[in-house]
Amino acid sequence: MKAALRAQVIETPSWGYGNSGTRFKVFAEPGVPRDPFEKLDDAAQVHAATGAAPVVSLHIPWDAVGDYEALARHAKERGLRLGAVNANVFQDDAYRLGSVAHPDPKVRRQAVDHLLACVDIMDATGSRDLKLWFADGTNYPGQDDITGRQDRLAEALAEVYARLGDQQRILLEYKLFEPSFYTTDLPDWGTSYAHCLALGERAQVVVDTGHHAPGTNIEFIVAFLLRQGKLGGFDFNSRFYADDDLMAGAADPFQLFRILHEVAKNGGFAAETGVAFLLDQCHNIEGKIPAVIRSVMNVQEATAKALLVDLDALRAAQSAGDVLGANAVLMDAYNTDVRPLLAEVREEQGLDPDPLAAYRASGHQERIVAERVGGTQAGWGA
Ligand code: LRH
Ligand code: MN
């Protein structure tokens, strides 16, 4: 168990260190990075404090630079590596009616060319995963042809899949709605799964915990995709209502535990299963670096509780039809305070048992507020 916790790798989002918020307001914060290099400097603080966040996912063009090898070197010098490359075909004016599913072949060409350019970036950064989320959809019945859009989406994905290198994957993310409000071309796990099956073994589904209808049993989706060998990764965050993108585990720690219980039980923590554990959050009103540290700690705590589940006792109760007994096995693990264990694991790794105290003591926050004056703070350009 301690070995699994020491080996845990959580991928933090470059955009989590920049300004991001809602359509109503994005609140800026002193000391925010002005470029991807400074975002990596902040990500390095999260890894230094937690020991569990050595990978940073990029978002293009938010993290566009002239020299991606230099960015990868900057990461390496700070004990980090560059993870998933997130494409962005949802902010260009051309994408009003969609990107890869747009009715106009010229716009589809523009979108596919961006996706192919992201694979070129992966070649430079050494990234394995091309993470694709499409805002594509319609707002009114009749606006466009539902199956026609699926054909266009499938054609675009096939072209990009063919371009992948041997060690590279497509992680296909779905989302119920927003910014499209009538149809979304990739609205749910089933649609993503079907497209991944059609593409091949190096196309897998991403489960963003904020992308489901209220009341959706996400751990069922996770268990099913793991059984099919089609779970590529997670975008962890939490929500009370919709795609709130709040800190992972903050709104519903029990759900995060139930999800990670299915991951643990179905071999999802084994490196060879290849599940990527990303955070995908917006820190509009809270301190960005402490928020990422807290989120990593929340995932660690849910993981430790999941690894504590007595699977033999659980299976025995399940096969005996002992409903309450089986439920009690899970609740015993969930109700166990794993913070002392995680503090011990950190101390054994030579880390401060309290990552947030370690960050406060680092002086990094004061330093970046003093140094990062002028220039344009990084944001998500929405
Ligand atoms: C879409 C999404 C996707 C990212 C974006 C930042 O809601 O979850 O993963 O590209 O957020
Ligand atoms: Mn996401």
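A polar contact is taken here as a pair of N or O atoms within 3.5 Å, and in this predicted model a polar side-chain atom of Lys 175 meets that cut-off, lying 3.0 Å from an oxygen atom of ligand 1. Asp 243 and Asp 280 also place polar side-chain atoms by oxygen atoms of the ligand, as the table sets out.

| Residue | Distance from a polar side-chain atom to an oxygen atom of ligand 1 |
|---|---|
| Lys 175 | 3.0 Å |
| Asp 243 | 3.1 Å |
| Asp 280 | 2.7 Å |

On its own, ligand 1 has 300 Å² of accessible area, of which the protein covers 95%. Ligand 1 sits in the largest pocket, and the residues that surround it include Trp 15, His 59, Trp 133, Glu 173 and His 211. By class, this shell holds seven charged residues together with two polar and two nonpolar ones.

Helix H10 (residues 311-319) shows a local feature at its start, where a side-chain oxygen of Asp 310 comes within 3.2 Å of the backbone nitrogen of Asp 312, while just after H10 the residue Gly 321 adopts a positive phi of about 70°.

Key
Residues numbered from 1 in each chain as written. Chains lettered and ligands numbered in written order. Predicted model: local features only at pLDDT ≥ 70, side-chain atom pairs only at ≥ 80, totals over all residues. Heavy atoms only, no water. Near = heavy atom within 4 Å. Polar contact = N/O pair within 3.5 Å; in protein donor to acceptor, adjacent residues only side chain to side chain. Areas by Shrake-Rupley, 256 points an atom, 1.4 Å probe, with all protein chains shown as cover. 1 Å grid on protein atoms, 1.4 Å probe; cavity = no way out; pocket = protein on both sides within 12 Å on 5 of 7 lines; lining within 4 Å. Sits in = over half its atoms within 2 Å of the grid points. Nonpolar A, V, L, I, M, F, W, Y, C, P; charged D, E, K, R; others polar. Helix = DSSP H or I, 4+ residues; strand = E, 2+ residues; numbered from the N terminus.
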